[in-house]
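Please read this briefing beside the sequence and the structure shown below. The points are grouped by topic, so that each can be checked on the model in turn.

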Amino acid sequence: MSPECRGRPSRLLVPIVVSLLGLVGAVGCGGDQVARPLTGIVRDDPLRSDGIIVTDVTDTGAYPADDDSFELVARPGSLLVVYFGYTQCPDICPTTLTEIRTALRRLGDDATRVDLAMITVDPERDTGEILNAYVGSFTEQFHALRPESDDELRTAEAAFLASSSVTRLPDGTVEVGHSVNSYVVDENGTVLVEWPFGHGVDNTAHDLEVMLDTSAS
Amino acid sequence: MIALPLVACDDDSSSGTTMEMSSPIEIAGAWARSSPMMATMGAAYMTIMSTDDDRLVAAAVDSSIADHAEVHEVVMAGGSDADMSMDMGSATTMAMSAGEMVMREVEGIDIMGGEMFMLKPGGYHVMIIDLVAPLEIGQTFDVTLTFEKAGDVIVPVEVREDAP
């Protein structure tokens, strides 16, 4: 059984295997060549994020905000990767965003059709300046989104069945919990696939290639 | 003294302890992720092996690197416990119930003699708190791990984009 199906691919072999399969546009977990072309989670009844608006504080990169709101849908012909996190996250967020960055590099020119929207779950500490610099570390094509109210954050999270919490402890430390998945949204606001934490560069790149091929046809 | 795959023991300039036998602690594959811009926190990961049972109780970095370091774990927080019981241990469950992960300091990590203990992304890590400057690829800095029995072990940590 191919180890990559479980999201824990061998680092040596799978990059070669998966990229070949990705170009072909289909991958199987063991003999199943067609039924599950994406390695991430695909729902029969996909989540939707059209109509979900988050305050946009992007002032650098490819998309400085003209107005201060962004609807969570991709540009026509493109994909939008959505991630909820915070910049003081030392482990989960850099790990996931680095995976996305590395996957984007593998796409070559096709990476121009993938944008990243990061929604901070810790808007109090993640100012616009910090968020722009942070997300901009991973790609030029990003939207730095900073909810202005708890309602705004919860509405966005609800669309993705995500959640988060920021707790200030008596000793002054701040404990932030957040769901750790990434989501890929198309131009209609359909969530095409969801990637759990640790999904891996190979699976991420593969899925992006498949989805880009599909939307180009 | 520490042993790394590519570094000789006598490279280390630890506190004058004379080892007649090799140290019970061996550290392999120590790395820290390079910092995104404006990141104030970093994380170091490594594999710890000890010939004897021991307990990692503290971590430290030089003040030129950061304010201080702590040992942290990442755990699934409360939230959708009902969903979690459906199918424990699968990545699908984590996504379907969107359980929150929380990072918190741990008082110590028990290291079983003869076994490897991995600090890795998504799990335990040495959290490096309030970085003086972003960690840059190619940089190396020391993390001092304190073990209950073995005492201080200095670990050179390589800054990389991703795991070795």
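This is a predicted model: local features need pLDDT of at least 70, side-chain atom pairs count only at pLDDT 80 or more; totals for chains, interfaces and linings use all residues.

Chain B consists, in secondary structure, of two helices and ten strands, while the parts of chain A described here include an open sheet of five strands and the helices H2(A), H3(A) and H4(A).

**Helix H2 of chain A**

- H2(A) is largely enclosed by the rest of the structure, because twelve of its 15 residues are buried. Among them are A:Ile92, A:Cys93 and A:Pro94, together with the charged-type names A:Glu99 and A:Arg101.
- The length of H2(A) agrees with expectation, because 15 residues at 1.5 Å a residue should span 21 Å and the end C-alpha atoms are 21 Å apart.
- After H2(A) comes A:Gly108, which has a positive phi, near 65°.

**Helix H4 of chain A**

- In helix H4 (residues 150-159) of chain A, the buried residues are A:Leu153, A:Ala156, A:Glu157 and A:Ala159. They lie on the same side of H4(A), because the arc they cover around the axis is only 160°.
- The other side of H4(A) carries A:Asp150, A:Asp151 and A:Ala158, which are exposed.
- The packing partners of the buried residues of H4(A) are strand E1 (53-55), strand E3 (79-85), strand E4 (114-120) and E6 of chain A.
- H4(A) is followed by A:Leu161, and the phi of A:Leu161 is positive, near 55°.

**The five-stranded sheet of chain A**

- The strands of this open sheet in chain A are arranged in the order E5-E4-E3-E8-E9, and their pairing is mixed. Strand E5 (142-145) and strand E9 (191-195) of chain A stand at the edges with a single partner strand each, so one side of each has no neighbour in the sheet.
- On average, and with direction ignored, neighbouring strands of this sheet are turned by 20° against each other.
- E4(A) and E5(A) run parallel and are joined by four bridges, with A:Ala117 standing opposite A:His143 in E5(A).
- H3(A) packs on the sheet, where it touches E4 and E5 of chain A, and its direction makes about 150° with that of E5(A).

**Chain B as a whole**

- Along the sequence, the elements of chain B follow the pattern β-β-β-β-α-α-β-β-β-β-β-β.
- Of the 164 residues in chain B, 35% are buried.
- When contacts in chain B between residues at least 6 apart in sequence are considered, 67% of them join residues at least 24 apart.

**Strand E2 of chain B and its partners**

- Strand E2 (residues 41-50) of chain B is mostly covered, with eight of its ten residues buried.
- Strand E1 (residues 25-33) of chain B runs antiparallel to E2(B) and is joined to it by six bridges, in which B:Ala32 has B:Ala44 as its bridge partner.
- E2(B) also pairs in the antiparallel sense with strand E8 (residues 125-131) of chain B over four bridges, and B:Met127 in E8(B) is the bridge partner of B:Ala43.
- Four bridges join E2(B) to strand E7 (residues 116-119) of chain B, again antiparallel, and here B:Ile48 stands opposite B:Phe117.

**Strands E3, E9 and E10 of chain B**

- Strand E3 (residues 54-61) and strand E9 (residues 140-147) of chain B run antiparallel and share five bridges, and B:Phe147 in E9(B) is the bridge partner of B:Leu56.
- E9(B) is joined by eight bridges to strand E10 (residues 151-160) of chain B, also antiparallel, with B:Ile154 in E10(B) as the bridge partner of B:Thr144.
- A hairpin of three residues leads from E9(B) to E10(B).

How values were computed: Residues are numbered from 1 along each chain as its sequence is written. Chains are lettered from A and ligands numbered from 1 in the order in which they are written. A residue is buried if 20 or more other C-beta atoms lie within 10 Å of its own, exposed if 12 or fewer, and partly exposed in between; C-beta atoms are placed from the backbone. Two residues are in contact if their C-beta atoms, placed from the backbone, lie within 7 Å. Two strands pair if DSSP finds at least two bridges between them. The expected span of a helix is 1.5 Å times one less than its number of residues. The arc is that of the directions from the helix axis to the C-beta atoms. Axes are lines fitted to C-alpha atoms, for helices over the stretch in contact, and angles run from 0 to 180 degrees between N-to-C directions.
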